[in-house]
Amino acid sequence: MASDPSSSQAATFAVGERILCYHGPLIYEAKILKVQAMESPTFTGIHYFVHYKGWKQTWDEWVPLGRALRYTEENLAKQKALQKTNNTANQAAANKAKNVRSARDGAGAPGPSRTARKDGTRGTKRGRDDDESTRKPEMKLTVPEPLKATLVDDWEAVTKNNQLVDLPRNPNVVQILALFEKHVLEKRPPELRQPEVLIHTIISGLQVYFDRSLGSQLLYRFERPQYAVVRQTYVTGADVDVSKIPEMSAIYGAEHLLRMLVSLPQMVAASPLDAESVGLIRDYVNELLNFLEAKKEVLFLLEYQPASLQYQNVSRS
């Protein structure tokens with residue numbers, strides 16, 4: 001990662017220039033649409049608004065200098081090498097999953113096939129394949145008991161005791177996920193596949209899920225006036241610097257992150273992710289839950305903030 005330039009430093013790349021850009025663990029061709037000095041939770045300095053070749057405009061995004069590469073033969077070779085490594089890892093995981101399914105299917109007790117019809121005949125292979133392809137993969141999480149208690153306490157504090165999480169939180173979700181990434185790379189939990197390749201993509205995906213679901217799925221009704229104030233303060237207010245608008249993951253903390261994690265199976269079920277990807281996310285999220293439990297005393301609030309009578313009246317109106 002390049003060192004943080006100051007906001008006054010000249011841009012390394014120009015508008016309209018073709019570059020290569022990291023997105024997760026892979027590198028893609030992109031075109032620079034805008035250049036601007038701004039501050040993000042992880043980088044302060046020149047950012048580039050890029051469009052990825054062959055991707056929809058919904059994937060256009062601001063990226064820091066550290067994710068941008070010159071369009072050179074050397075970097076194209078790096079792009080191909082990363083793609084080859086990723087394909088090899090995916091194929092190995094697919095083969096492993098296939099072997100597990102084969103062993104499971106062959107270990108059943110003697111008797112009628114699960115695909116047998118009522119008349120004793122087997123269904124067609126096409127029909128069985130259709131059943132497999134339309135079945136949504138399930139994501140089963142193992143939430144540690146102390147975190148279940150935390151969720152109950154969180155619910156009671158907000159909905160019964162008229163209390164709020166004091167914002168902005170420190171550490172916030174961005175910082176917690178960065179600590180988790182460091183933990184994974186240092187400890188290398190054996191159940192996690194290729195953390196050095198995948199952890200950045202997993203972290204980025206979880207942050208996106210959080211930012212997109214907070215306002216619509218993660219708040220209790222009593223918290224909505226507070227959320228409106230947060231957005232006015234940091235996003236929509238007249239005095240807000242548009243170059244320094246933070247994501248909600250830079251304002252909220254472990255309390256709302258935990259709510260998101262336990263809701264993740266329902267979110268994933270509504271996504272187009274395949275069974276292999278769901279299993280991969282499940283393993284990392286379970287490890288994140290264990291990490292949150294181990295750091296519970298540091299990451300979670302010990303006491304919530306009592307809401308004023310004026311706030312309580314607004315929340316009920």
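Modeller: Let's begin with helix 7, residues 254–269, and check its length: with 16 residues at 1.5 Å a residue it should span 22 Å, and its end C-alpha atoms are 23 Å apart, which agrees. The expected span is 1.5 Å times one less than the number of residues. Helices here are DSSP runs of H or I with at least four residues, strands are runs of E with at least two, and both are numbered from the N terminus. Before going on, please keep in mind that this is a predicted model: local features need pLDDT of at least 70, side-chain atom pairs count only at pLDDT 80 or more, and totals for chains, interfaces and linings use all residues. Residues are numbered from 1 along each chain as its sequence is written, and side-chain values use heavy atoms, leaving out hydrogens and water.

Now follow helix 7 along its length. At S263 you will find a kink of about 50°, shortly before the proline P265. The bend at a residue is the angle between two axes, one fitted to the seven residues ending there and one to the seven starting there.

Helix 7 is also largely enclosed by the rest of the structure, because 12 of its 16 residues are buried. Buried means under 20% relative accessible area, exposed means over 50%, and partly exposed is in between, using a 1.4 Å probe and protein chains only. Among the buried residues of helix 7 are E255, H256 and R259, along with L257, L258 and M260. Contact here means heavy atoms within 4.5 Å.

P265 leads us to another proline. The C-alpha atoms of P137 and P265 are separated by 9.7 Å, though the two residues are 128 apart along the chain. You can find P137 in the loop between helix 2 (125–134) and helix 3, and it counts as partly exposed because its relative accessibility is 23%. Beyond its neighbours within four places in sequence, P137 is in contact with L273, D274, A275 and V278.

R188 is partly exposed at 44% relative accessibility, and Q194 is partly exposed at 25%.

Next, the aromatic rings. A search of the whole structure finds 8 aromatic pairs. Rings of Phe, Tyr and Trp (its six-membered ring) pair if their centres lie within 6.5 Å; planes under 30 degrees apart count as stacked, over 60 as edge-to-face, and the rest as tilted. One of the pairs is F222 with Y311, edge-to-face at 5.2 Å centre to centre and 75° between the planes. This pair links distant parts of the chain, 89 residues apart: F222 is in the loop between helix 5 (195–218) and helix 6 (224–236), and Y311 is in helix 10 (residues 309–316). Both F222 and Y311 are buried. Elsewhere, ring pairs link Y28, Y52, W55 and W59 into a cluster.

Rings also meet charges. The charged end of R18 sits over the ring of Y71, 3.8 Å from its centre, and K34 lies over the face of F49, 5.2 Å from the ring centre. A charge sits over a ring if NZ of Lys or CZ of Arg is within 6 Å of the ring centre and within 35 degrees of the ring normal.

Finally, step back to the whole chain, which has 10 helices and 7 strands. Buried residues make up 38% of its 317 residues.
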